[in-house]
Amino acid sequence: MNKFLLLLLLIIIPCLLLFTGILIKEAGGPYYLNYYDPGYVYLVNSINVLQLSTVGHFDHPGTSVQIFGAVILKFLFITRTIDHDTLKEIFSDPEYFLTILNTSMVVINCIALFLLGLLTFKLTKNIYLSLLLQLSPFVSFEIFYGLVIFSPENFLILSCIGVMVLLIFYIYNEKVEKNLTFALVFGFICGFGVVSKMNFLPIFLIPLIIIRGWKYKLIFLVSSLVVFLVILLPVLPDYTSFFTWVKNLVINTGIHGKSGGSDLKVISYFNNIVTIFSKDLIMFIIYLIMVISLFLSYRIKNKEEDEFSAIIKKNRLVLFSIIAAVSFQVLIVAKNYLIYVQYYVIPSLML
């Protein structure tokens with residue numbers, strides 16, 4: 001395929017994502033009207049990070065967003081010190097700065113989506129598969145809800161795109177599952193994802209399943225922990241409050257674990273699972289297709305020495321790992337589920 005035509009095809013969907021996000025944000029109105037949570041909170045705490053002050057919000061924990069916001073704000077005021085006049089300028093028009101911060105995140109996601117398509121084509125020579133993977137952010141409006149606000153959801157989308165890149169690389173490269181660099185990069189992406197928002201944690205099942213050998217699994221876990229702790233630095237002065245919040249989220253029920261653990265009812269829990277799937281029928285349909293495809297793939301018989309057989313086996317393992325991750329995410333989100341927090345399953349929607 002002509003290189004110019006290839007690049008043109010692969011850039012269409014990322015550009016469409018950018019323009020669709022802009023249009024949805026314009027339709028939704030200003031941040032203070034519909035998107036104040038958590039955009040304004042992250043703007044304030046980005047300023048705290050920029051001033052090397054303790055952050056007051058760590059519910060996600062979301063420190064990757066706060067650090068990113070601080071970097072962008074510093075770039076905007078690169079020739080000025082962050083003083084009273086600078087803060088006055090920011091708070092006199094916070095919508096302007098929130099738009100810049102959010103647009104910067106969306107542009108990064110669009111670049112990542114373009115690279116996903118480009119790498120997929122280079123490895124598979126299949127333009128249809130490349131374009132199909134690029135369509136992943138379009139499967140649900142919940143993804144766009146996260147895309148148009150200055151929030152951790154943007155980095156969850158980015159992290160999932162990174163996971164897709166590694167999965168394609170895993171399928172079409174020999175012995176990469178026992179490769180040091182592969183384990184380290186997977187660790188970086190997963191550590192970044194979970195420090196952005198804790199609901200990325202189920203995605204850890206994917207590398208733990210496909211990476212072979214305890215040595216490389218351990219390298220993955222250690223590297224993800226290091227990345228998590230480094231990006232978590234703004235929270236460390238108040239680490240006891242953060243871990244108390246995590247404990248309540250695990251033990252209790254309700255949004256952010258604010259209700260007692262005894263409030264969890266089996267019928268309600270089952271109904272929450274049904275609601276999660278019924279609210280996103282595309283996710284449910286694709287989930288069923290993955291399960292059926294995994295089952296049918298075991299009925300395909302190939303000789304062991306057949307090169308195509310190795311790819312089929314890797315595809316099976318990838319399917320199994322994604323099914324496991326999505327299932328685990330649905331199960332844990334259902335515990336603290338409320339009807340308006342469907343965006344908590346964005347990693348599953350992306351995959």
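Me: Is Lys125 buried or exposed?
Reply: Lys125 is exposed, because its relative accessible area is 61%. The cut-offs: buried means under 20% relative accessible area, exposed means over 50%, and partly exposed is in between, with a 1.4 Å probe and protein chains only.

Me: What kind of model am I looking at, and how are residues numbered?
Reply: It's a predicted model, where local features need pLDDT of at least 70, side-chain atom pairs count only at pLDDT 80 or more, and totals for chains, interfaces and linings use all residues. Residues are numbered from 1 along each chain as its sequence is written, and side-chain values use heavy atoms, with hydrogens and water left out.

Me: Back to Lys125, then. Where does Lys125 lie?
Reply: Lys125 is in the loop between α6 (94–124) and α7 (127–134). Its phi is near 60°, which is a positive value in a residue other than glycine.

Me: Which other residue has phi near 60°?
Reply: Leu52 has phi near 60°, again a positive value in a residue other than glycine. Leu52 sits in the loop between α3 and α4, and it counts as exposed because its relative accessibility is 80%.

Me: What about Pro61, where is that found?
Reply: Pro61 is in the loop between α3 (36–50) and α4. The peptide bond leading from His60 to Pro61 is cis, with omega near 0°.

Me: Zooming out: how many helices and strands does the protein chain have?
Reply: The chain has 17 helices and 0 strands. Those are DSSP runs numbered from the N terminus: helices are H or I with at least four residues, strands are E with at least two.

Me: What is the radius of gyration of the protein chain?
Reply: The chain has 21 Å, which agrees with the value near 20 Å that a compact globule of 351 residues would have. The radius is taken over C-alpha atoms, and the globule rule is 2.2 Å times the number of residues to the power 0.38. Along its principal axes, the C-alpha trace spans about 70 × 60 × 40 Å.

Me: What percentage of the residues is buried?
Reply: Buried residues are 50% of the 351 in the chain.

Me: And contacts between residues at least 6 apart in sequence: what share joins residues at least 24 apart?
Reply: That share is 73%. A contact here means heavy atoms within 4.5 Å.

Me: OK, helices. How many residues of α10 are buried?
Reply: α10 is mostly covered, with 12 of its 17 residues buried. Among them are Phe182, Phe186, Ile189, Cys190 and Phe192.

Me: What covers the buried residues of α10?
Reply: The cover includes α4 (63–76), α9 (152–171), α11 (205–210) and α12 (214–231).

Me: How far does α10 reach from its first C-alpha to its last?
Reply: Helix α10 (residues 180–196) reaches 24 Å, close to the 24 Å expected at 1.5 Å a residue. The expected span is 1.5 Å times one less than the number of residues.

Me: New topic. Is Lys314 buried or exposed?
Reply: Lys314 is buried, because its relative accessible area is 11%. Lys314 is found in helix α16.

Me: What is Lys314 in contact with?
Reply: Leaving aside neighbours within four places in sequence, Lys314 is in contact with residues including Tyr170, Asn173, Glu174 and Glu177. The C-alpha atoms of Lys314 and Leu167 are separated by 9.4 Å, though these residues are 147 apart along the chain.

Me: Which helix holds Phe328?
Reply: Phe328 lies in α16 (residues 307–335). It counts as partly exposed because its relative accessibility is 36%. Beyond neighbours within four places in sequence, Phe328 is in contact with Pro202 and Leu205.

Me: And Pro14, where is its place?
Reply: Pro14 is in helix α1 (residues 3–28), and Pro14 is buried, with a relative accessible area of 4%.

Me: What does Pro14 touch?
Reply: Not counting residues up to four places away in sequence, Pro14 touches Cys110, Leu113, Phe114 and Gln134.

Me: Last one: is Ser136 buried or exposed?
Reply: Ser136 is buried, with a relative accessible area of 8%. Ser136 lies in the loop between α7 and α8 (141–147), and its contacts, leaving aside neighbours within four places in sequence, include Leu113, Met164 and Leu349.
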